[in-house]
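Please find below a short note on the model, arranged as numbered points.

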Amino acid sequence: LNSMADRGVQPDVITFSAAISACGKGGQWEKSLELLNSMEDRGVQPNVITFNSAISACEKGGKWEKALELFNSMEDRGVQPNVITFNAAISACEKGGKSDKALELINSMEDRGLKPDVITFSAAISACEKSGQWEKALMLLNSMGNLGVQPDVITFSAAISACEKSEKWEKALELFNSMEGRGVQPSVITFNAAISACGKGGQWEKAL
């Protein structure tokens, strides 16, 4: 990117978006934000892909507040968030254990006419799991069917972990036993969470 100016080539929005994404993948969230902030000075308007890359960089760096700050600044800069933007912001909240913020985001998607996908739900359920909100995790899982979104093994694992952390072994087993009926094969992570839930509930026979 820096060598482009020396060669008389002006970077465009695609160049910046790719560079911001590269910095994010390399764990350089501050550099991603520097690039984003330098764009307008260089006469380049960021688009939704640019913001998605920058929010994702903050999410990877564990900076949920910065991610939400960027998310909230988008419309003032004439850019509408899409499902990928919401997923990145919800994932940032999940890493910060901010389930209330994640739920606010998922609720605001419908107001904008955006349909959450399985990634959205998995991240929000995981946020609930990290903050000990097992009832909210199950509420989200149950609401997926109403929207025609099929949960996958990651969604189930997060919901079972939420029950396990709150010592709701019966709920954890109920979810585990419902998976195959819904066409989802449990993974080793799912099994670990279900077995741990049984252990916490003193149900060693069920764990075996």
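1. Is Phe 71 buried or exposed? Phe 71 counts as buried, because its relative accessibility is 7% (buried means under 20% relative accessible area, exposed over 50%, partly exposed in between, with a 1.4 Å probe and protein chains only).

2. The model is predicted: local features need pLDDT of at least 70, side-chain atom pairs count only at pLDDT 80 or more, and totals for chains, interfaces and linings use all residues. Residues are numbered from 1 along each chain as its sequence is written, and side-chain values use heavy atoms, with hydrogens and water left out.

3. The structure holds 2 aromatic pairs (ring centres of Phe, Tyr or Trp, the last by its six-membered ring, within 6.5 Å; planes under 30 degrees apart are stacked, over 60 edge-to-face, the rest tilted). Phe 71 and Phe 86 have ring centres 4.9 Å apart and planes at 70°, so this pair is edge-to-face. It links Phe 71 in helix 5 (residues 64-73) to Phe 86 in helix 6 (residues 83-95), 15 residues apart (helices are DSSP runs of H or I, at least four residues, numbered from the N terminus). Phe 86 is buried, at 0% relative accessible area.

4. The rings of Phe 176 and Phe 191 are also edge-to-face, with centres 5.0 Å apart and planes at 70°. Phe 176 lies in helix 11 and Phe 191 in helix 12 (residues 188-200). Phe 176 is buried at 16% relative accessible area, whereas Phe 191 is partly exposed at 38%.

Methods: Helix = DSSP H or I, 4+ residues; strand = E, 2+ residues; numbered from the N terminus.
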